[in-house]
Each structure stands twice: as structure tokens, then as C-alpha cells.
Amino acid sequence: MKIGRITGTVVSTIHLPIITGRRMLLVDLMDLDGKETGDYVIAIDTVDAGAGETVLILDEGTGARQVLGEPEAPIRAVVVGIVDEVAVGA
Amino acid sequence: MHLARVTGTVVASTITPGLEGTRLLILQPLDRKLKPKGSAVVAADAVAMAGPDELVYYVASREAAVAMPETFVPVDHAVIGIADAVHEVES
């Protein structure tokens, strides 16, 4: 899993049926110091995460399909948690 | 999923079984600020509606094969939606 911060949303009218009714969040990935790595991912929200929140991203297809309950979904990244705190070397 | 700009199309009249009739697009992957990042790729258009200059989002690898109407055809990138807008959100 990866840690990132929600910095945007993607609005889309024309999409595959699996996307209908789901929020797509633009998440900037972060390193353990909380700095942005420059990479990003568009992830499907499953935890009602909001703007600016630090979140846990699952970036693996089979797990994502299981979380969504959609065995055929062409989705790899989902937001699966809202991070309260990261402690390194504690 | 990542963002990309459609920069062209590919026509292949001889193509592997399962991909007949599939629209092929040239995608320029974009970074967070919608600036070009990395090399262009050829992607199948799973929504069959994306056109030149459009902002789209796409999936890669196995997810691309699953996205197509006939699943597990040999594609490694697929467009699964057209992005109307990317909204920046403030924390």
C-alpha cells in the first residue's frame, strides 16, 4: 500500500459503467517524511475521504476488485483508509 | 489510473483475434499538472468515444485487458473514461 494526499478530483461523464456513482480522487503520493514524490494516482474512494486528507492507497488489482466487490472491475487503485498519523522509527 | 492526452490514432487492418474493430489511440501520459510525462503509448479505447486532444484516464496491464468488452484480449493500456475536468482541492 502507499500513502498519499488528496489534491484533486476527476469529473467524468463518459466512462465505463463500473465508474458510475464512484468518486475518483487525484492523490499525490508521499514519502515517509510527508514530502510529495512527484508521482500521483487516480484512485476510487471507498472511505469517503476528503480534500487534503492523508490517505492509504491500495494499488493492486485483485485486492481493489475485492474491496469494490466487483470481480470484473478494471480498477487497480482504491483509497482504503484515512491516515491519522505516521510514526517512523518510533 | 492516470491521466493522458489523446494525440493520435492508430489503424491496423491486420490485427490479432479479439481486437478487430477496437479503436486504438496514441496517448501522451500526463503528470499531476497535466504536463506531458514519459513516452507516448498506444492504448485501446474501451469507451469507444475518446477523440483527438481529449483528456482521458487509462489503466494498464491486466486491468486494461479486463476493461475491454471482450475481456483478456491482448492490450496493455486501455482508456476507460473521458475526464471533463480535474478539480484542484484545497486542504
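**Strand pairing and chain contact in a predicted two-chain model**

Gly4 of chain A stands opposite Val55(A), a residue of strand β4(A). The two strands concerned, β1(A) and β4(A), the latter covering residues 54-59, pair in the antiparallel sense over 4 bridges. The model described here is predicted, and the predictor assigns the complex an ipTM of 0.91 together with a pTM of 0.93. For chain B the mean pLDDT is 95, with 99% of its residues reaching 70 or more. Such values matter to the reader because, where pLDDT is low, predicted coordinates should not be read in detail.

Chain A contains 1 helix and 5 strands, and when these elements are read along the sequence they follow the pattern β-β-β-β-α-β. Strand β1(A) also pairs with β2(A), which spans residues 24-30, in the antiparallel sense and over 6 bridges. Within this pairing, Gly8(A) stands opposite Leu26(A) of β2(A). As for overall dimensions, the C-alpha atoms of chain A fill a box of roughly 45 × 25 × 20 Å when the box is taken along the principal axes. The radius of gyration of chain A is 13 Å, which agrees with the value near 12 Å that a compact globule of 90 residues would have. Of the 90 residues in chain A, buried residues make up 32%. Among the contacts in chain A with a separation of 6 or more, 50% are accounted for by residues 24 or more positions apart.

The contact between the chains takes 25 residues from chain A and 27 residues from chain B. On the side of chain B that touches chain A, the elements giving two or more residues are β1 (2-10), β4 (55-60), α1 (61-67), β5 (77-82) and β6 (85-88) of chain B. The element that gives the most to this side is α1(B), with 5 residues. Sorted by class, the side of chain B that touches chain A has 17 nonpolar, 4 polar and 6 charged residues.

His15(A) counts as buried because 22 other C-beta atoms lie within 10 Å, and the cut-off for a buried residue is 20 or more. Once its neighbours within four places in sequence are left aside, His15(A) is in contact with Val47(B), Ile80(B) and Gly81(B).

The nonpolar residues can be considered next. In soluble globular proteins, nonpolar side chains tend to be buried together. The largest nonpolar core in this model has 49 residues, and Tyr58(B) and Ala78(B) are the ones that touch the most other members. When residues up to four places away in sequence are not counted, Ala78(B) touches Tyr58(B) itself, as well as Ala43(B), Ala44(B), Ala46(B), Val59(B), Ala64(B), Ala67(B) and Met68(B). The list for Ala78(B) also includes a residue of chain A, namely Pro74(A).

Methods
Residues numbered from 1 in each chain as written. Chains lettered and ligands numbered in written order. Predicted model: local features only at pLDDT ≥ 70, side-chain atom pairs only at ≥ 80, totals over all residues. Contact = placed C-beta atoms within 7 Å. Nonpolar A, V, L, I, M, F, W, Y, C, P; charged D, E, K, R; others polar. Core = buried A, V, L, I, M, F, W, Y, C linked by C-beta atoms within 7 Å. Buried ≥ 20, exposed ≤ 12 C-beta atoms within 10 Å, placed from the backbone. Pairing = 2+ DSSP bridges. Rg over C-alpha atoms; globule rule 2.2 N^0.38 Å. pLDDT = per-residue confidence, 0-100.
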